Number of protein chains: 2
Amino acid sequence: MATMKEIADAAGVSQATVSRVLNDGPKVGRATRERVKSIIKELNYRPNANARALANSRSDAVGVVIADLYEPFFAALAHGVETVARKHDTQILISGGSIGLEHEQKAIGTLLSHRCDAMVVHSKSLPDGQLIELAREVPGMVLINRFIPEIASRCVWLDNQAGGRLMAEYMIRQGHTKLAVISSDFPIDDPLHRIAGIQEALAAANIDLPEVNIEYGPPNQEGGEAAVQNLMSKGADFTAVLAYNDAMAAGAMAMLLDHGFDVPREVSVIGYDDILLAKYCRPKLTTLRYPIEMMASKATELALQYAQGILPSEDTTYKYQPTIVKRDSVRKI
Amino acid sequence: MATMKEIADAAGVSQATVSRVLNDGPKVGRATRERVKSIIKELNYRPNANARALANSRSDAVGVVIADLYEPFFAALAHGVETVARKHDTQILISGGSIGLEHEQKAIGTLLSHRCDAMVVHSKSLPDGQLIELAREVPGMVLINRFIPEIASRCVWLDNQAGGRLMAEYMIRQGHTKLAVISSDFPIDDPLHRIAGIQEALAAANIDLPEVNIEYGPPNQEGGEAAVQNLMSKGADFTAVLAYNDAMAAGAMAMLLDHGFDVPREVSVIGYDDILLAKYCRPKLTTLRYPIEMMASKATELALQYAQGILPSEDTTYKYQPTIVKRDSVRKI
DNA sequence: TTGTAGGCGTTATCAG
DNA sequence: CTGATAACGCCTACAA
């Protein structure tokens, strides 16, 4: 592939000049500029991004660390990043996380190697300390779905506890008092926060949540199915299921239906996330909207800004609130 | 961030030596190697990927061109690529396509700038010629979901016509003779191929498909809903719907159910792709499995191999076949 | 307005 | 086994 030097020679100018027209650099003769441009076109020249990154000691790709592109939730996240990246004419370098300390470390290492100036990191395993240090090293790093007080302005996160509270309050308002909770057994904080929120609402309404009415499992459809099955085996008594996420909720509904329980007539179910599937499944799932795509876009904007040295106006904070999306899986009793 | 020179100085050796231990280069004194390694660890050094790419004139990231990370289908594709990439310790550089000639051109341009030696391209808008040329320039380029005879060994694709035939044959075997087809109005070949397959099966069974029983729309849920609505408005007579993809099928089912038609008792529906949603929706969708993730993995393996100069054993071809996944949305009549 | 020259961090070729 | 040194392709003062 043609290099800058070849263009320069062909145009009878110096590399410096070519570089200038490439970057809309200052003051290049109109004629020269045109000539160079046409040659560039003609030779089908493309600046070498690597060389450029080297010289600038900054890459134009925004780095992304996420666990799994297949999960609709992460896909939405990636999409949010991609949308903004495209607007800014940069690409995204995805470094597969997959939950787990080592994976995340490696993923971040890769991004560091590439000298991404902006990065959007979804990390659940890394300890706060390491992330704080990373934040110091990389001005353009922002965390998504995690809050660390020391680097508050680098965090774009959701108020999970409020979410838990919301879903419980909603069920209570619908007349439910016998709740079951199916949560995730992943070793991260989100489940805890959500349950804390649920307990909060329950306490306020003076409702008890028996230990047997709580089940944990992998946060996917199978986990939801298994959880409901366990609940039934234990003879748990409930009219409403609060799920950790939509996938579990869908699994729960499937299992309930398979066992002859009508949803929502006999049992109400509420999810969390509002991924695509919530609209598709039957009955349509009532759930909590997790504006992950919007959040991801925001995070990317921030990362890009910070990387450019534009710092947050103050100790601004980026906490998002989940909201209820009413569909057909909850019924008033 | 520390550079190689700093490491070299700190270890009292030359850069060349450091470079050698980094790349497990030939013959470095055992003692030296250990010393350098420890210093590297100590200074938390990371080789600069950009510099390395420059020197090698090859990047270690596999480039990916896809339209939209949000679509579950593409998410699965991306996931397939990512899985293989990770195994090979490389990252993926995603360049947003979004269907459309210009977007795709730009996306590819970006990848070229980065000198990705391996790339997996999903392009529906670019003309054959351009892709063929690209294949010449970039040995490690492979096309996914598209077949171009001139570069057959670079194509990993699905037999869409066979898919169309399969779905129609299946419905016919279930006793259906009054079929409706809802297809995509995107200007790409896939819909045509699938319909061709359907017609083929119909012809073989001597069944007629009235023009009014075919509807086109955007290949998503809304498109599916609208299509069914149009079908009903036109008073089309059918007991089975063959959808372009699962999203349309889901939309169709939703609309059918909303209008009081029991699926599959009164109307059977079959989808295409077998994305996650097919399992989640109710009734569970009978559909055609599009092994996109497997195909994406294969494409990535190929791209990586070709990039390394390992050429296909012959004029091998990578045509995949869709298969029927029976669930609950089709009924024998 | 344009050219010269040095540097960015690695790799690779030669010598020693 | 190890050390100079010249690329790699581009950017950016500094001159002219």
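Predicted model: local features only at pLDDT ≥ 70, side-chain atom pairs only at ≥ 80, totals over all residues.
I found 27 residues around DNA strand C, the closest being Arg20(A), Gly29(A), Thr32(A), Met4(B) and Tyr45(B). Of the atoms of DNA strand C that come within 4 Å of the protein, sugar and phosphate make up 65%.

I then looked up individual contacts to phosphate oxygens of DNA strand C. For Thr17(A), I noted a polar side-chain atom 2.7 Å from a phosphate oxygen. For Gly29(A), a backbone N or O atom lies 2.4 Å from a phosphate oxygen. On chain B, a polar backbone atom of Asn48(B) is 3.0 Å from a phosphate oxygen.

I next asked which helices supply the surface near DNA strand C. Helix H2 (15-22) and helix H4 (49-56) of chain A, and helix H2 (15-22) and helix H4 (49-56) of chain B, each supply at least two residues. I sorted this surface by class and recorded eleven nonpolar, eleven polar and five charged residues.

I turned to strand E4 (residues 140-144) of chain A. Five of its five residues are buried, so the strand is largely enclosed by the rest of the structure. Side chains in a regular strand alternate between the two faces of the sheet. In E4(A), I saw Gly140(A), Val142(A) and Ile144(A) point one way, and Met141(A) and Leu143(A) the other.

Strand E3 (residues 116-121) of chain A runs parallel to E4(A), joined by four bridges; Val120(A) has Val142(A) as its bridge partner. From E3(A) the chain passes through helix H7 (residues 128-137) of chain A to E4(A), in a right-handed β-α-β crossover. Strand E5 (residues 155-158) of chain A also pairs with E4(A) in the parallel sense, over two bridges, and Cys155(A) in E5(A) stands opposite Leu143(A).

Terms used
Residues numbered from 1 in each chain as written. Chains lettered and ligands numbered in written order. Heavy atoms only, no water. Buried < 20%, exposed > 50% of the residue type's maximum accessible area, 1.4 Å probe, protein only. Pairing = 2+ DSSP bridges. Right-handed = clockwise from strand over helix to strand, strands pointing away. Near = heavy atom within 4 Å. Polar contact = N/O pair within 3.5 Å; in protein donor to acceptor, adjacent residues only side chain to side chain. Nonpolar A, V, L, I, M, F, W, Y, C, P; charged D, E, K, R; others polar.
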